[in-house]
Amino acid sequence: MAVSKFVTKYAALLAALIAAPVAAQSIKPGAGAPMPAGCPAGGPSQPTPKYPMEVYGAAGRVTLVLDIDRCGQVDQVWIETDSGYAAMDYAAVATAKDWRLSPEYRDGAAVPSRVRLPIDFARPTPQQMADYHAQAQAKWDLIWPLTQVPEVATARDGSLDGYVPDALPMDEGSATELMVKARRDGHEAPGGELGWPALRISDDRGAFQWLLIEDSHPAAPSLIRQRLVSDGKKSFYASRVLCGAAKPAACAKLEKMVRDWPRQYPGAPFPKQLSAEPPLPPRQTPSKRPLGPSRLVPEDPKAPTDLAARPAWRRG
């Protein structure tokens, strides 16, 4: 174990665009013409993305490309150049999906367009870092005792069973209700066991990973909660299963499958005192990514077909 509509009255204008590539224009936020008639009420709105606490202390720039409709509403969000930190990229995209920008006008008519916007995450000041550390330590003082569990013996190679039972009770609610909660409060995480969707949630009890078992799986709806714990010598995942399947046999099979998970390799124990300089996850070298064709503006028929290989985040 170690995420349009074309306006028919502008058909002639849009047809003319087919002959040209869809270019992303760099714009100044909030600048531009007024909203055209027939659009939802309100003007441009561009709230600042929230600094991701997972990488507190880091700095980076995410360059987004947005496809906006004639009313300035965002229809697709593309990462053109990432920051090197996934948490920053996610924060930028999550906020940009709800932005509303000034629309582009051509020949006196508002038209769908594509714009480019860089988003900078500045490194916190020394005072902000000190304040953050004090707040984080106060919260950790409450969480740390909950993460401590009795010592678990390791094998000769230092590994543990993939499934270590967790004594912490599940939240109240059915499997379906807890799935809804996990999707509302969690962040998608790669690497879920057996390809099941994984969501990460942090709260006043610690850090969790929820594996959701749904759709056509025999044990659906079910979920597995994995919690990071420590026995004073090492840290590892402890798990708990909540099976909502109608057939007991399906639940029994799921339990056996979980108990047969591959072995896990523990990490370092949790310290009682947090470092004044929080450790950052490994930073990847920022990379430029290809952009797919817009669903709003007709794509260039001469453009390479592999540009659509990377998915975009879509509104809603």
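**The core, the strands and the confidence**

Trainee: Which residues have the most contacts inside the largest nonpolar core?
Mentor: They are Leu-64, Leu-66, Met-88, Trp-99 and Phe-121, in a core of 27 residues. A nonpolar core here is a set of buried Ala, Val, Leu, Ile, Met, Phe, Trp, Tyr and Cys residues joined through side-chain atoms within 4.5 Å. Buried means under 20% relative accessible area, exposed over 50%, and partly exposed in between, with a 1.4 Å probe and protein chains only.

Trainee: Which elements give two or more residues to it?
Mentor: Strands S2 (60-68), S3 (74-81) and S6 (113-121), plus helices H2 (86-96) and H3 (126-147). H2 contributes the most, six residues. Helices (H or I, at least four residues) and strands (E, at least two) are DSSP runs, numbered from the N terminus.

Trainee: Is S2 mostly covered or open?
Mentor: Mostly covered, with eight of its nine residues buried. S2 pairs antiparallel with S6 over nine bridges, and Arg-61 sits opposite Asp-120 in S6. S2 also pairs antiparallel with S3, over six bridges, and there Leu-64 faces Ile-79. Two strands count as paired if DSSP finds at least two bridges between them.

Trainee: What does Gly-72 do in the hairpin?
Mentor: Gly-72 takes a positive phi near 80° in the hairpin of S2 and S3, which has five residues between the strands.

Trainee: Switching topic: where is Ala-58?
Mentor: Ala-58 is in the loop between strand S1 (25-26) and S2. Ala-58 is buried, at 3% relative accessible area. Beyond four places in sequence, its contacts include Tyr-51, Met-88, Phe-121 and Leu-280. Its C-alpha atom is 7.8 Å from that of Pro-124, which is 66 residues away along the chain.

Trainee: And what is the strand order in the open sheet of five strands?
Mentor: S7-S8-S9-S10-S11, with antiparallel pairing. S7 (187-189) and S11 (235-243) are the edge strands, and the twist averages 30° from one strand to the next. Helix H5 (248-259) lies across S9, S10 (222-230) and S11, at about 170° to S11. Axes are lines fitted to C-alpha atoms, for helices over the stretch in contact, and angles run from 0 to 180 degrees between N-to-C directions.

Trainee: Last one: where is confidence lowest?
Mentor: In helix H1 (residues 11-17), with a mean pLDDT of 27, while S11 is highest at 96. Over residues 1-24 the pLDDT is below 50, as it is over residues 300-311. The chain mean is 83, and 82% of its residues reach 70 or more. pLDDT is the predictor's confidence in each residue, from 0 to 100. Where pLDDT is low, the predicted coordinates should not be read in detail.

Methods:
Residues numbered from 1 in each chain as written. Heavy atoms only, no water. Contact = heavy atoms within 4.5 Å.
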